[in-house]
Amino acid sequence: MHHMNLDVNGMSYPITADASRNLLSVLRNEVGLTGTKEGCDDCECGACMVLLDGQPVNSCSYLAAQAEGRAVTTIEGLADGDDLHPLQAKMLELGGVQCGFCTPGMIMSAKALLDRNPEPSEEEIRIGLSGNLCRCTGYAKILAAVGEAAVEIR
Amino acid sequence: MTTFSIAQSLDQALQALADGARPVAGGTDLVVGSRQGKAPLPDTVIAIDRLDELAGISLSDDQLRIGAMVTHAQLMVDPIIAEHFSAIADAAALVGSPSTRNVGTLGGNVMNGSPAMDTGAPLIVLGATAELQTTSGNRQVTMEELWVSPGKTSANADELCVALNMPARPANSGSAYVRLEYRRAMEIAVVGAAASVTLDDGGMVTDARVALTAVAATILAVDLGDALAGKPIDEASLAAVAKIASETATPISDLRATDRYRRHTVGVMARRAVEAAGRRAGGETIAIPVNRTLGIGASQ
């Protein structure tokens, strides 16, 4: 078993787990944060997206032990108490959420995009979200939500 | 049960490899492969992605050095790569998704040895060598020598790819990479082609190279013969390039395309790559990646 300290949403978690475990399963089962979803478990769908030092990573295909010493941000790290992050609020307000399974990963990719590019074009939003699949919405409302959140944040 | 450590120095990583460990960088091949059941994780894994010795892009008078741990996300926006080694940036920008490009490295891509890798054909036409290091020394291996068959390289298990090196570009040179794809993201090349072109002052080709993606057991260098040398890039010479590329390819049929379709379309990709590389050699700016700028590949 491998001992690691994971920094998740600013909290330090001492964890003992097999070194072959992926970050997704350790976040959900050891850290206890289940907002990050397991979709394909194959690096295709983006439901498991988290940020590693601010950059998007598919947590299903990243070794948990390799995240030691880096700042992990999950969907639980975005809201400020009861105040939703603008990306979360706009997704709700504009109907960018239907079944909701892709939503945490979608929002984390959008967060990484807006952090480095506060005024993205629609094409840039599409590219920023290109590693995230949604089977419900048809994407139009998600694109609108990210666009409006960008305006609100800046 | 896997034993894992994070390398604190290059020497430590090299010693670990000598003792039987396998390296992990972004994990986009190694970890994904183990989860798909393609190959179990190695017993001992050492993470090499934080080593300063493997980071960074540097251009000297005669050589470009790309550290093995430079990511696709870095390659697609680096000004030196974009301006002088454009084919690499064209390819890096097409890889996977933002998250794949963020953690996936050039060294990892090279050593994974997929015949469908996007950065492979650009490295061949730019004359790159892989710098392989052990605890006792290092050697330079051309890409053609390195890639043996799908997923297999000629590197020994204790050799770590520390950098990709290639000659600085002559004046009036351009390069480009294009690929046929069914979708814009999370895609693997159906076929692809890279080209490097150098022109004289009169617009005649003095040097040209083409390499092909996903049409053979490895990335394939094309012998252009006299199809381009001493000639202008025009309909006749481009048609000759397409014909040679299609004849050089030895594609297979799989779920993404038939062999006949690949053989035909790789010729089309080759002529488009040469055309774009020639325009860049002539001083024109074609934004990275060429696939998007020129509307090649998937429209959505």
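1. In this predicted model, 30 residues of domain 1 of chain B are in contact with 28 residues of domain 2 of chain B, where contact means heavy atoms within 4.5 Å. The domain assignment of chain B places residues 3-33 + 54-167 in domain 1 and residues 173-293 in domain 2; such bounds come from an automatic or database domain assignment. The centres of the two domains, taken over C-alpha atoms, are 22 Å apart.

2. The size of an interface is often given as the accessible area lost when the parts come together. Domain 1 of chain B and domain 2 of chain B bury about 2100 Å² between them, with 66% of it on carbon and sulfur atoms. Buried area here is the accessible area (1.4 Å probe) that two parts lose on being put together, summed over both. Of the area that domain 1 of chain B buries against domain 2 of chain B, 31% comes from B:Asp90, B:Leu94 and B:Val125, more than from any other three residues.

3. Two salt bridges are counted between domain 1 of chain B and domain 2 of chain B; the term requires a side-chain nitrogen of Lys or Arg within 4 Å of a carboxyl oxygen of Asp or Glu. Separately, the side chains of B:Arg179 and B:Asp118 meet in a salt bridge, at 2.9 Å from N to O. The residues on the side of domain 1 of chain B that touches domain 2 of chain B comprise 19 nonpolar, eight polar and three charged. In this scheme Ala, Val, Leu, Ile, Met, Phe, Trp, Tyr, Cys and Pro count as nonpolar, Asp, Glu, Lys and Arg as charged, and the others, Gly among them, as polar.

4. The contact between the chains takes 31 residues from chain A and 28 residues from chain B. The area buried between chain A and chain B is about 2300 Å², of which carbon and sulfur atoms give 52%. Within chain A, the residues that lose the most area to chain B are A:Ser61, A:Leu63 and A:Gln66, together 21% of what that side buries.

5. Three salt bridges are found across the interface of chain A and chain B. A:Arg70 forms a salt bridge with B:Asp49, and their closest N and O atoms are 3.2 Å apart. The side of chain A that touches chain B has 12 nonpolar, 11 polar and eight charged residues.

6. Residues are numbered from 1 along each chain as its sequence is written, and chains are lettered from A in the order in which they are written. In this predicted model, local features need pLDDT of at least 70, side-chain atom pairs count only at pLDDT 80 or more, and totals for chains, interfaces and linings use all residues, while side-chain values use heavy atoms, leaving out hydrogens and water.
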